[in-house]
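Me: I'm new to this one, so please take me through it piece by piece.

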Number of protein chains: 2
Amino acid sequence: MSFTPDARIDLDRYWSTIQRSAEIGQGREGGLARLTLTDSDREMRDQFVAWCEAAGLAVRVDEMGTIYGRREGTEPGLPPILIGSHLDTQINGGRFDGIAGVLAGLEVVRTLNDLGHVTKRPIVVVDWTNEEGARFSPPMIASGVFVGRYTADWAHALISDDGARFGDELERIGYKGEMPCGAAPGDVDAYFELHIEQGPILDAEKRQVGVVTGGYPSYGIRVRFDGETAHTGPTPMDLRHNALIAGARFLTAVDDIGWDFAVMDGKATGSRLAAWPNKPGILSETAQCVADVRHPDPITAKVMAEKMRRAAHEAGARAGCSVTIEDEWAWGGDIFDHGMVDAIRAEAVRQGWNWRDIEAQAGHDAYHMAMRFPSAMIFTPCKGGITHNNNESCTPGDLVAGVNMLLHVAVARADR
Amino acid sequence: MSFTPDARIDLDRYWSTIQRSAEIGQGREGGLARLTLTDSDREMRDQFVAWCEAAGLAVRVDEMGTIYGRREGTEPGLPPILIGSHLDTQINGGRFDGIAGVLAGLEVVRTLNDLGHVTKRPIVVVDWTNEEGARFSPPMIASGVFVGRYTADWAHALISDDGARFGDELERIGYKGEMPCGAAPGDVDAYFELHIEQGPILDAEKRQVGVVTGGYPSYGIRVRFDGETAHTGPTPMDLRHNALIAGARFLTAVDDIGWDFAVMDGKATGSRLAAWPNKPGILSETAQCVADVRHPDPITAKVMAEKMRRAAHEAGARAGCSVTIEDEWAWGGDIFDHGMVDAIRAEAVRQGWNWRDIEAQAGHDAYHMAMRFPSAMIFTPCKGGITHNNNESCTPGDLVAGVNMLLHVAVARADR
């Protein structure tokens with residue numbers, strides 16, 4: 001046996017790992033609720049570590065709980081190839097989001113084991129902690145620490161809505177490693193991530209795979225409105241400082257921005273409004289909102305972001321509340337390594353799949369990795385683009401192209 | 001000593017009870033956070049019971065935790081006069097809202113004790129459980145059970161946002177009595193409630209007291225929007241069912257209705273929006289909203305209520321969510337006993353205060369009592385109308401007129 005151009009992964013074996021994952025942390029019918037650093041997250045991590053060890057990988061866990069399964073290369077001193085994604089899910093999540101990518105990395109090394117092929121550079125399969133941000137916000141935290149965008153101390157101090165501390169939960173489930181989370185430029189040769197599209201395009205066009213050329217430029221903001229409590233009844237309209245209304249007006253305006261740009265595939269989303277006290281009988285003193293805009297055109301995305309910021313100030317003024325834009329993020333654009341994207345595209349042609357170029361619209365750990373290391377993504381179709389929902393659905397046929405392309409581009413890179 | 005037309009309450013003693021209450025369950029500076037059925041509520045109840053017993057009142061507690069302190073009349077078989085309000089507060093509440101009314105009742109019986117006057121009918125001082133609805137929604141629960149609007153079983157099963165059960169908390173603090181909560185028509189001769197205005201009118205006009213002629217007609221609704229979770233990123237605008245946005249659009253429209261009618265003193269309030277999952281990265285599946293409208297003119301109030309209901313359906317349609325108007329309430333109007341209102345007005349004239357007729361704009365236990373028994377209210381000024389806020393403020397001078405009027409109208413009624 002050797003690694004030849006017609007080498008293929010074992011689709012049944014790959015699918016069986018996804019099926020096993022689908023047993024852990026079940027949510028609504030067909031879906032998962034495997035929130036980060038919960039008991040079911042631990043159970044999945046234990047399963048993943050067992051698989052890695054059975055495949056002969058050297059497993060390490062860093063201070064952020066990120067799990068690395070390393071398959072040594074013939075030249076162990078060379079920077080490794082990383083293949084990763086995440087095993088945590090949303091509260092009403094699916095069975096494939098993130099999971100398909102981590103287990104694709106596992107399947108790549110299992111296939112190499114079958115073929116007796118040792119790559120020149122090491123290959124490391126990675127499970128990033130808390131990609132979803134469904135329990136501890138923001139999302140993509142461990143990959144953010146890895147590239148130096150956040151510090152581990154900052155991440156450890158995060159508090160969930162249920163009052164738990166990130167660092168404590170990491171220790172509780174036994175996945176707070178000693179190894180620092182982070183790497184200097186040059187420490188990683190390349191990062192590959194396979195992911196379901198989480199959008200309807202590939203499925204609608206009956207494409208088998210997407211070559212990700214970049215990410216929709218996206219801008220997000222967290223906004224805090226400060227008002228004052230008062231009685232809901234007698235307080236005249238012009239004496240009110242109801243932060244809940246400031247938040248409602250802001251999110252309404254954000255949604256309007258999304259519709260204004262929808263014809264060119266723009267999107268604007270209000271995803272969170274947490275007011276206090278948020279009770280009948282009393283006007284709310286504070287409201288915290290999260291909103292974002294996305295558009296394929298970078299200039300238009302910036303215009304949308306400016307409109308969103310202005311909407312926050314207008315909403316606050318209208319409701320008599322002060323406005324603080326607490327945090328913001330900017331994602332996407334032409335961030336992926338052109339050489340790696342070209343190699344993926346060439347591999348799609350060589351293997352003869354029905355493929356297309358596509359831009360990512362969701363956030364991914366690859367966005368963080370691309371800040372410091374050559375990175376690229378492969379998208380697989382998913383039914384109707386449904387995701388962050390228990391009805392998220394893929395078949396083995398949806399995944400076969402992406403994971404076989406991943407096999408060849410990763411090995412080619414590792415043997416370089 | 002005897003009860004003469006110039007009898008007056010002991011203002012210093014009355015004020016001292018308010019000051020003592022202000023020590024229990026302190027919140028932000030100057031304010032109280034004495035939520036119903038908490039430990040601080042128990043402490044205040046214990047203090048109130050001790051005062052009642054020291055004043056020779058027979059104390060009973062009903063199955064809703066309502067405390068009755070009865071001063072027997074010369075004809076114990078006659079229906080009693082009730083004087084009441086509530087000792088619980090909002091999470092950012094003041095020292096006077098409700099409290100001034102309960103302790104005014106206590107001061108009335110203490111004054112009668114001083115004067116050695118026994119009224120013909122009994123006088124009962126009442127502390128109603130959970131007027132505020134700040135921990136268990138809706139507000140005014142015990143008075144609602146008393147008049148048969150709610151059942152005690154229904155109330156006991158209510159769950160707070162912190163997951164506590166009303167009935168369990170009532171037992172925990174030791175205030176779940178054996179006596180049924182309720183009374184048939186005729187069981188209560190009359191109900192008086194003194195309350196701070198919770199609005200700016202008396203203070204702005206430098207009035208010493210308000211004769212409450214009725215309540216602003218008010219309509220409230222709870223609305224539930226049902227959508228579907230999906231990813232915030234790739235999901236096209238026209239495929240979204242974001243319940244959070246339905247809620248935001250609804251509350252924005254409600255606020256607009258308030259402004260449209262503000263010139264004639266109309267108000268419309270969005271007070272609650274609780275969405276799920278309400279997290280960055282995922283569109284929300286459900287949102288629950290509470291909103292209400294109030295207007296001095298009954299027809300206009302109905303028009304506003306219809307606009308509010310229509311706004312709920314429009315917001316749901318715009319956001320692709322189904323709409324359920326879960327519950328609604330209607331308050332206010334010409335609900336108080338005309339004879340009692342006339343007696344209060346005549347007493348204001350007789351005592352020579354600077355008074356005016358005024359309509360209540362907040363909800364009060366008296367609204368429930370008026371459904372079954374002759375009822376009336378007296379309003380005292382409060383600084384700037386600030387309430388449901390730790391800066392709520394009254395002076396002894398703000399209270400003196402109201403409590404002395406209460407003394408005379410209650411005794412006149414009890415001696416009738």
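This is a predicted model: local features need pLDDT of at least 70, side-chain atom pairs count only at pLDDT 80 or more; totals for chains, interfaces and linings use all residues.

Me: Which residue of chain A forms a salt bridge with Arg356(A)?

Reply: Helices (H or I, at least four residues) and strands (E, at least two) are DSSP runs, numbered from the N terminus. Arg356(A) sits in strand 10 (residues 355-360) of chain A, and its partner is 151 residues away, in the loop between helix 7 (201-204) and strand 6 (209-226), so the pair links distant parts of the chain. The closest N and O atoms are 2.7 Å apart, and the partner is Glu205(A).

Me: Is Arg356(A) buried, exposed or partly exposed?

Reply: Buried means under 20% relative accessible area, exposed over 50%, and partly exposed in between (1.4 Å probe, protein chains only). Arg356(A) has a relative accessible area of 24%, so this residue is partly exposed.

Me: What residues does the UniProt annotation "binding site" cover?

Reply: The annotation comes from an unreviewed UniProt entry; positions are given in the numbering used here, feature names are shortened, and annotations may be inferred rather than shown by experiment. The residues span 110 residues in sequence, yet no two of their C-alpha atoms are more than 9.7 Å apart, so they gather at one spot. The record lists His86(A), Asp97(A) and His195(A).

Me: Which residue has its side chain joined to that of His86(A) by a polar contact of 2.9 Å?

Reply: His86(A) lies in the loop between strand 3 (81-85) and helix 3 (99-115) of chain A, and at 0% relative accessibility it counts as buried. A polar contact is a pair of N or O atoms within 3.5 Å; within protein, one must be able to donate a hydrogen and the other to accept it, and residues adjacent in sequence count only if both atoms are side-chain atoms. The side-chain partner of His86(A) is Asp88(A).

Me: Where in chain A does His195(A) lie?

Reply: At 1% relative accessibility, His195(A) counts as buried. Contact means heavy atoms within 4.5 Å, and what His195(A) touches includes His86(A), Asp97(A) and His364(A). Its place is strand 5 (residues 190-196) of chain A.

Me: How much area do chain A and chain B bury between them?

Reply: The size of an interface is often given as the accessible area lost when the parts come together. Buried area here is the accessible area (1.4 Å probe) that two parts lose on being put together, summed over both. In this model, 66 residues of chain A are in contact with 67 residues of chain B. With 54% of it on carbon and sulfur atoms, the buried area is about 5,600 Å².

Me: How many salt bridges are there between chain A and chain B?

Reply: One of them pairs Arg249(A) with Asp255(B), the closest N and O atoms being 3.0 Å apart. As for salt bridges between chain A and chain B, the count is eight.

Me: Which element gives the most to the side of chain A that touches chain B?

Reply: Helix 8 (243-260), strand 7 (267-276) and strand 8 (286-294) of chain A each supply at least two residues of that side. With 10 residues, the element that gives the most is helix 8 of chain A.

Me: What relative accessible area does Leu87(B) have?

Reply: Leu87(B) lies in the loop between strand 3 (81-85) and helix 3 (99-115) of chain B. Leaving aside neighbours within four places in sequence, its contacts include Met44(B), Phe48(B) and Ile99(B). Leu87(B) counts as buried, because its relative accessible area is 0%.

Terms used
Residues are numbered from 1 along each chain as its sequence is written. Chains are lettered from A and ligands numbered from 1 in the order in which they are written. Side-chain values use heavy atoms; hydrogens and water are left out. A salt bridge is a side-chain nitrogen of Lys or Arg within 4 Å of a carboxyl oxygen of Asp or Glu.
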